[in-house]
Amino acid sequence: MTLLTVLWMLAGGLATVAVLLVLARIITGPTLIDRLIASDVMLTTLILVVGAEMVISGHTRTIPLMVVLAATGILGSVAVARFVSRAGAEPTGAQPDESQQTGAETALPSPEGGDDERR
Amino acid sequence: MSDAETVAGILDIAAAVLLVVAALLTLAAAIGLWRFPDPLSRLHAATKPQILGLILVVVAIALSARSATVLLLLVPVVALQLLTAPISAHMVGRAGYRNGDFDPSTLEVDELAADVDSAPGGELPGGAWEDEAAP
């Protein structure tokens, strides 16, 4: 076993342990934000492993895959982050009548109905 | 062993070492996800391999491929990640703050709190922040 093989196996083993830890966080993570952050880390790890595989196998065919993953990885996080923001506003929306009557300054054109449609 | 072969071997080993360092960064992020107490702290750990780890792997690919074309193809990978990683981190952090997914006692200073208080009907967690999407 050459030094090169040992280094490659070390990198693979470390990445495997990392992915398993991240997967456990995705499964157990108490909040949706935890799961979102953990899936971000998993996507990053995926990009790194795709790159590492190119180094180990000595080819460059999957560089386009890295480009696409780096470019589109943001979409999931941003979409879920927006969704989480709206879901987080839900509990206070439980007393909408109170805020509607007392908060006359927030005379938006029926914010409740508009929001509900978007949810 | 000729000189060219020696140089090639050194470059290959350097690339493998960079891969190991990148894997260590990923492992550090994974451990951080378990060691930090709340989501906003975990965000700090999660963003380490996103840029530095990717740059290390990209340099490793360049060292092992040793071709200008490959280097040119690798530039957009780093550029795109540099552009998009802060945006997604910002959005996730914003959602985490609005949901109150953090321990206020761990904060040295909460500069956003004054702005939230001065906003009409703004209260954490999940207060009636006026969304930019709202009219």
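How many residues of chain A are in contact with chain B, and how many residues of chain B are in contact with chain A? In this predicted model, 53 residues of chain A are in contact with 55 residues of chain B.

**Figure 1. The interface between chain A and chain B.** The two chains bury about 4,600 Å² between them. Carbon and sulfur atoms give 76% of that area. On the chain A side, the residues that lose the most area to chain B are A:Arg25, A:Ile37 and A:Leu48. Together these three residues make up 13% of what the chain A side buries.

**Figure 2. A salt bridge between A:Asp34 and B:Arg42.** The side chains of A:Asp34 and B:Arg42 meet in a salt bridge, with an N to O distance of 2.5 Å. The count of salt bridges between chain A and chain B is one. For polar contacts between the two chains, the count is three residue pairs, with both residues at pLDDT 80 or more.

**Figure 3. The side of chain A that touches chain B.** The elements of chain A that give two or more residues to this side are helix 1 (3–28), helix 2 (32–57) and helix 3 (63–88). Helix 2 of chain A supplies the largest share, with 16 residues. By residue class, the side of chain A that touches chain B holds 37 nonpolar, 10 polar and six charged residues.

Figure 4. A:Ser77 is part of helix 3 of chain A. Is A:Ser77 buried or exposed? A:Ser77 counts as buried because its relative accessibility is 3%, and the cut-off for buried is under 20%. Leaving out residues up to four places away in sequence, A:Ser77 touches A:Leu36 and A:Asp40 in chain A, and B:Ser88 and B:Val92 in chain B. With one of these, A:Asp40, the side chain of A:Ser77 makes a side-chain to side-chain polar contact at 3.0 Å.

**Figure 5. Chain B.** Chain B contains five helices and zero strands, and its pattern along the sequence reads α-α-α-α-α. Of the 135 residues in chain B, 40% are buried. Among contacts in chain B with a separation of 6 or more, 63% are between residues 24 or more positions apart. The accessible surface of chain B is about 7,100 Å², and 68% of that surface belongs to carbon and sulfur atoms.

Note on methods:
Residues are numbered from 1 along each chain as its sequence is written. Chains are lettered from A and ligands numbered from 1 in the order in which they are written. This is a predicted model: local features need pLDDT of at least 70, side-chain atom pairs count only at pLDDT 80 or more; totals for chains, interfaces and linings use all residues. Side-chain values use heavy atoms; hydrogens and water are left out. Contact means heavy atoms within 4.5 Å. Buried area is the accessible area (1.4 Å probe) that two parts lose on being put together, summed over both. A salt bridge is a side-chain nitrogen of Lys or Arg within 4 Å of a carboxyl oxygen of Asp or Glu. A polar contact is a pair of N or O atoms within 3.5 Å; within protein, one must be able to donate a hydrogen and the other to accept it, and residues adjacent in sequence count only if both atoms are side-chain atoms. Helices (H or I, at least four residues) and strands (E, at least two) are DSSP runs, numbered from the N terminus. Ala, Val, Leu, Ile, Met, Phe, Trp, Tyr, Cys and Pro count as nonpolar, Asp, Glu, Lys and Arg as charged, and the others, Gly among them, as polar. Buried means under 20% relative accessible area, exposed over 50%, partly exposed in between (1.4 Å probe, protein chains only). Accessible areas come from the Shrake-Rupley method with a 1.4 Å probe; for residues, only the protein chains shown count as cover.
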